[in-house]
Amino acid sequence: LGENNVWLSAAEFEKRHGTSESVSAVLGRAVKYCPSAEILWLLAAEEKEKARDVDGARAILVEAFASNPNSEHIWLAAVQLERACGELDRARILLERARGQVKSGRVFMKSALLERAVQCGERELQLIDEGLKLHPKYAKLWLMLGQYRERNGNDSAASSALRKGLENCPKFVPLWTNLARIEEKQSPAKARAILERARVSLPKNDVLWLASVRMEARLAKSSGSSSSNSSAMKSMLARGLKECPASGILWAEAIDTELPPQKKARSVDALKMCDKDAHVMIAVAKFFWAEGKPEKAKTWFERAVVLNPLLGDAWASSYAFHKERKLTDALEQLKRGCVLANPKYGEKWCSVRKAMGNESMSTLEVLLKTSELFELSRLKN
């Protein structure tokens, strides 16, 4: 492990001060000295892919397989490389081999996701079922089964799949939130009860509180009331903040849903409790943007990106802001920075990244698409 870290430090030094070729050279030597270090192989392949040397990346991964035949990470990196190149048949063959060699729940999930991407629903379902027989505790497969059933118009079967998932994986929050969302279509009372059980089972979980707050806002809106004035929503938010006082996502929601005259005070409260949370920074930035104070908004958007460069929503909201102001140089900087950071998280970011049909989107394409969601949100407000 110590030797791995030395090579990782050397590669990082070259990334900062050298060239793509010097980084590849360091990593090429690293994998010869540490052939069982998955991370070094993955970084070496990634560096080749960044340089658009797909054949070079493939060659590195072939060598990696020889030293690490049972590595899930290396198998899936090879699959992702082929998917990014549009070589879906190659990706499918690799996944078939991986299922025979590794047989992990994640490999079955990635296999089913590929079939979903090419709209082979029957094969997708078959792979989910096979995966669950081998890995009944792999929560994401249950989630995918529920999504498959819902996508095909069978909410009852979707609900049943998610409930079975919770029997096996009671601590996986997305199973609770998706089950509540499906039940909400027919019975808000059932949906409320599900989320209440979830909050009891998983205390101090701000994601569950946020789901409850938003459900109350939706129900208020459907009944003709303003979601911002919903007493049930406000009460739920207050309870959530009491149980999770340092939750950035709950404080951001508090700012976003507050009436305009009280937004500034709400922002001050949020910053007192979590002044290092990017979600709060984004909410404060949007407040100043709406107030017509672009310089202040710009400062807070920048803070959000610096605090959490892996949060895609920080990049996308900032991009939408700068796009409205037609700041071309800043937009180009944001594009470069976002691609370099390669964000993984963010509610809106993930909704775009994981949507059917978007599987092959580049980071830049996801940035542009996600920024449009922030533009639409601003128009609605």
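**Salt bridges, helix packing and buried positions**

The side chains of Glu 347 and Arg 214 form a salt bridge, with N and O 2.4 Å apart. Glu 347 belongs to helix 21 (residues 347-353) and Arg 214 to helix 13, so this pair ties together parts of the chain that are 133 residues apart in sequence. Arg 214 is partly exposed, because its relative accessibility is 24%. The coordinates are those of a predicted model, and the structure contains 24 salt bridges.

A second salt bridge joins the side chains of Glu 302 and Lys 298, at an N to O distance of 2.7 Å. Both residues are in helix 18 (residues 294-307), where Glu 302 and Lys 298 are four residues apart, or about one turn of the helix. The relative accessibility of Glu 302 is 37%, so this residue counts as partly exposed. Lys 298 is also assigned as partly exposed, with a value of 26%.

Lys 323 and Glu 375 make a further salt bridge, in which the closest N and O atoms are 3.3 Å apart. Here the partners come from two helices: Lys 323 lies in helix 19 (residues 312-324) and Glu 375 in helix 22 (residues 363-380), so the pair ties together parts that are 52 residues apart in sequence. Lys 323 is partly exposed at 39% relative accessibility, and Glu 375 is partly exposed at 24%. Elsewhere in the chain, Glu 150, Asp 155, Arg 181 and Lys 185 are linked in a network of salt bridges.

The packing of helices was examined for two pairs that share helix 8. Two packed helices are described by the angle between their axes and the distance between the axes. Helix 7 (residues 105-117) and helix 8 have axes that come within 8 Å and cross at roughly 170 degrees. An angle over 145 degrees counts as roughly antiparallel, and helix 7 and helix 8 are therefore roughly antiparallel to each other. On the side of helix 7, the contact is made by Phe 108, Ser 111, Ala 112, Glu 115 and Arg 116; these residues meet Arg 123, Glu 124, Leu 127, Ile 128, Glu 130, Gly 131 and Leu 134 of helix 8. By class, five residues of this contact are nonpolar, two are polar and five are charged.

Helix 8 (residues 121-134) also packs against helix 9 (residues 139-151), at an angle of about 150 degrees and with the axes 10 Å apart. This pair, helix 8 and helix 9, is therefore roughly antiparallel as well, and its crossing is left-handed. Helix 8 contributes Gly 121, Glu 122, Glu 124, Leu 125, Ile 128, Asp 129, Gly 131 and Leu 132, which meet Leu 141, Trp 142, Met 144, Leu 145, Tyr 148, Arg 149 and Arg 151 in helix 9. The residues of the contact between helix 8 and helix 9 comprise eight nonpolar, two polar and five charged. Glu 124, Ile 128 and Gly 131 of helix 8 are listed in the contact with helix 7 and again in the contact with helix 9.

Val 213 is located in helix 13 (residues 206-222). Its relative accessible area is 1%, so Val 213 is buried. When neighbours within four places in sequence are left aside, Val 213 is in contact with Met 233, Met 236, Leu 237 and Glu 253. The C-alpha atoms of Val 213 and Leu 259 are 16 Å apart in space, and the two residues are separated by 46 residues in sequence.

Thr 370 is found in helix 22. At 0% relative accessibility, Thr 370 is counted as buried. Residues up to four places away in sequence not being counted, Thr 370 touches Asp 313, Ala 316, Lys 348, Trp 349 and Val 352.

Ser 24 is placed in helix 2 (residues 20-33). The relative accessible area of Ser 24 is 18%, and the residue is classed as buried because the class takes in values under 20%. Beyond its neighbours within four places in sequence, Ser 24 is in contact with Glu 47 and Lys 48.

How values were computed:
Residues are numbered from 1 along each chain as its sequence is written. This is a predicted model: local features need pLDDT of at least 70, side-chain atom pairs count only at pLDDT 80 or more; totals for chains, interfaces and linings use all residues. Side-chain values use heavy atoms; hydrogens and water are left out. Buried means under 20% relative accessible area, exposed over 50%, partly exposed in between (1.4 Å probe, protein chains only). Contact means heavy atoms within 4.5 Å. A salt bridge is a side-chain nitrogen of Lys or Arg within 4 Å of a carboxyl oxygen of Asp or Glu. Axes are lines fitted to C-alpha atoms, for helices over the stretch in contact, and angles run from 0 to 180 degrees between N-to-C directions. Angles under 35 degrees count as roughly parallel, over 145 as roughly antiparallel, 65 to 115 as roughly perpendicular and the rest as oblique. A crossing is left-handed if the near helix is turned anticlockwise from the far one by less than a right angle, and right-handed if clockwise. Ala, Val, Leu, Ile, Met, Phe, Trp, Tyr, Cys and Pro count as nonpolar, Asp, Glu, Lys and Arg as charged, and the others, Gly among them, as polar.
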